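Hello,

Here is the structure I said I would pass on. Please look it over first, then read the notes below it.

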Amino acid sequence: MIGSFPVGDVVVSSIVLGGAYILLGLSWVVIFRATRVLNVAVGQFMALGAYMSFTFLVTFKLPFPIAIFLALASIALFAGLTFHFFVRPLHGQPHFVVVVLTIGWSIVIGGAISIIWGPDLHVLPQPVPDTVYLLPLGARLSTYGAATVVVAVLTATALVLFFRFSRLGIRMRAAAELPVLASQSGVNITVLFFIAWALAGICTTFAGIFFGYTNVVSPAVAAIGLRGLTPALIGGFESLPGTILGAFILAFVEVIGVRILGGAAEDAIVAAVLLVFLMIRPTGVFGQAEVRRV
Amino acid sequence: MSDIAMGRPAEPVQSPLEGIWRRMAGSRLKTSYSTELALFRSWPQRVAIVAGVIFVLTLPQTLGPYATGVATIIALTIPGAIALNLLQGVAGQVSAGNAAFLGIGAVVTAFLTGRYPSINFLIVLPLAGLVAAAVGAIVALPALRVRGLYLLISTLALHQIIVYLILVYQEQSVGPAGWFIPVPSIPGLFSIEKPIQWYYFLLVFAAISMLLMSNILRTRIGRAWIAIRDGDIAAEIIGVNVMMGKVQAFVLTSFVIGVQGALFAYYVQVIQHTLFTFDIAIVYISIVIIGGMGSTFGTVLGAALVVGLPYLLQQIAVNAPSDFPLANLFLLHIFDLQIVVYGLMIMGFLLFAPYGLVQLWRRVIGFFRMWPFSTDRTSR
């Protein structure tokens, strides 16, 4: 068994899956570090992104770049408006209340998707044909798998640079750290939080589109969203590099675990990785223990 | 010599506002231990409780078989909702584990009735509860280390793992058809088969769980849980064993949900791993939120609303006049519309009545009790 273990295949599949988990993990982290909200509706945003690109590509027959841009923009706006209308009024309530609110919102979106697009499976039209490249050590890499990783790494890098160097990103970090003080020094925190939700919406839509291309677009896409919690938690819900590392750790464990236990174990493996990290390092791999005040 | 010097309490000064103060105090504050401990506090409440009991007991005769079926499911839901409210609303430990514990109770029932076909349900119910309680003790371990959102995440992860284990066990023991559960009965005395029998049978357990909650709130354990919820470090300082309290909360509520799982198994008769989805856990969380955290009566109201609403919508859709605009569309998408309304209901309560139905109820009561001094603010 071990002798014939396809090392190359495991490594390449983990990297491709890791790319998808980076995008998902970032969707949780960007929202959490800005507004301290666990957005459970990530999966539904993701499904919505895939369905919107389907509508723009197939129903409106728009060219590929314009359709994808419109899908990204619409979900970004949708995520921002979600914050504005539903999350902001609950400011000051316990975190748990806001989580349950996003659960309710995810239920609403799920029902609405089912009403608008029906229960059928949709296939996204491919702008370039999907070819499978054979790599050394028995590895296989598809065009869309490679594209997932490239876009994920580019998005993550752009976000890291944005938060570290841009004026807006630094203000955003300040607003997340101490909202009151930041607003006192003239930072418009509601606009910044809106932008944070929109950025997360963009990451989520990318994840949804790539999932749509590597699988089919169906209401079941939404169930994937919760898996993004694990890389986010490995990054401590704070650190972007930690989330990227977490995405690859999770993908690697999952690819090996699914080979041993079968596809039905996917969610359980993701959950087990989460529990292990929660027990060992609840503050994340790069996190620091926060001093808790009574 | 004054009364105070004699050791007697001074007569309270009668002010013109005395009656109003007493009425205000009666609305929220208790002025003596006996009122604090009383289950039934005033005569209108007693009348209301008697009327409610009569309504519930005669429901099959007055409202017919359809309503009885819905009420049966509500009664089946109440123990689990009460358990989650004790854990979440009273002890402050958020959990998404209801579906998993429900599954454990159901699978234990499947195992016992499969292995020992003649086993009595009166033995199965507590055993299912005990196994679930043992698992609950394990789930309590993360609660000793993490809190709040992290606890919610860890119970979510445990849910996924437990459901996967149920799937593996099902594949190895019975296959995709699932387990068949026999009819619960005491040989020679009775067996529970007809819908109306199920209604009264499950009503008993709903009533027991309600009594359990309203009683435990008035014991040392219940007060310790409230202290842990409101501030665990402060609770520790005044001598509450926080670790013990958290473990007790998880074990006791898991026991209740395990028993409920056994009842669920007997009721649905066929058990499969697909029954225990995360959506079920969400239903219970939303019942607690919509009903009102920490309130027994609120939990019952929440269960009735969350469980009953889809059936109500269905009835409206079926009975809507066909010339009503969008009637066909309404009927076509009734299943999705039920889901959308359910989600909107959760959001609406959180945004506009964050303390749940029980708060709306208290506002109404408070309005009449304070009349004519009612303002919108009196009973927040």
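**Notes on the model**

Of the 380 residues of chain B, 37% count as buried (20 or more other C-beta atoms within 10 Å of a residue's own, with C-beta atoms placed from the backbone; 12 or fewer is exposed, and in between is partly exposed). This is a predicted model, in which local features need pLDDT of at least 70 and side-chain atom pairs count only at pLDDT 80 or more, while totals for chains, interfaces and linings use all residues. Residues are numbered from 1 along each chain as its sequence is written, and chains are lettered from A and ligands numbered from 1 in the order in which they are written.

**Chain B**

Chain B has 16 helices and four strands (DSSP runs numbered from the N terminus: H or I of at least four residues for helices, E of at least two for strands). Take its contacts (C-beta atoms, placed from the backbone, within 7 Å) between residues at least 6 apart in sequence: 76% join residues at least 24 apart.

Helices H4 (residues 59-90) and H12 (residues 278-291) of chain B pack with their axes 9 Å apart, at an angle of about 70° (axes are lines fitted to C-alpha atoms over the stretch in contact, and angles run from 0 to 180 degrees between N-to-C directions). That makes H4(B) roughly perpendicular to H12(B) (65 to 115 degrees; under 35 is roughly parallel, over 145 roughly antiparallel, the rest oblique). Residues of H4(B) including Gly80(B), Ala81(B) and Leu84(B) meet residues of H12(B), among them Tyr284(B) and Ile285(B). By class, this contact of H4(B) with H12(B) has six nonpolar, four polar and no charged residues (nonpolar: Ala, Val, Leu, Ile, Met, Phe, Trp, Tyr, Cys and Pro; charged: Asp, Glu, Lys and Arg; polar: the others, Gly among them).

**Where the chains meet**

In chain A, 35 residues are in contact with 31 residues of chain B. On the chain A side, H4(A) gives the most, with 16 residues. That side divides into 28 nonpolar, six polar and one charged residue.

**Helix H11 of chain A**

Which helices of chain B do the buried residues of H11(A) pack against? They pack against H6 (121-145) and H7 (148-173) of chain B, together with H9 and H10 (240-261) of chain A. H11(A) is mostly covered, with 11 of its 15 residues buried, including Asp267(A) and Phe277(A). At 1.5 Å a residue, the 15 residues of H11(A) should span 21 Å, which agrees with the 22 Å between its end C-alpha atoms (the expected span is 1.5 Å times one less than the number of residues).

Regards

Note on methods: Two residues are in contact if their C-beta atoms, placed from the backbone, lie within 7 Å.
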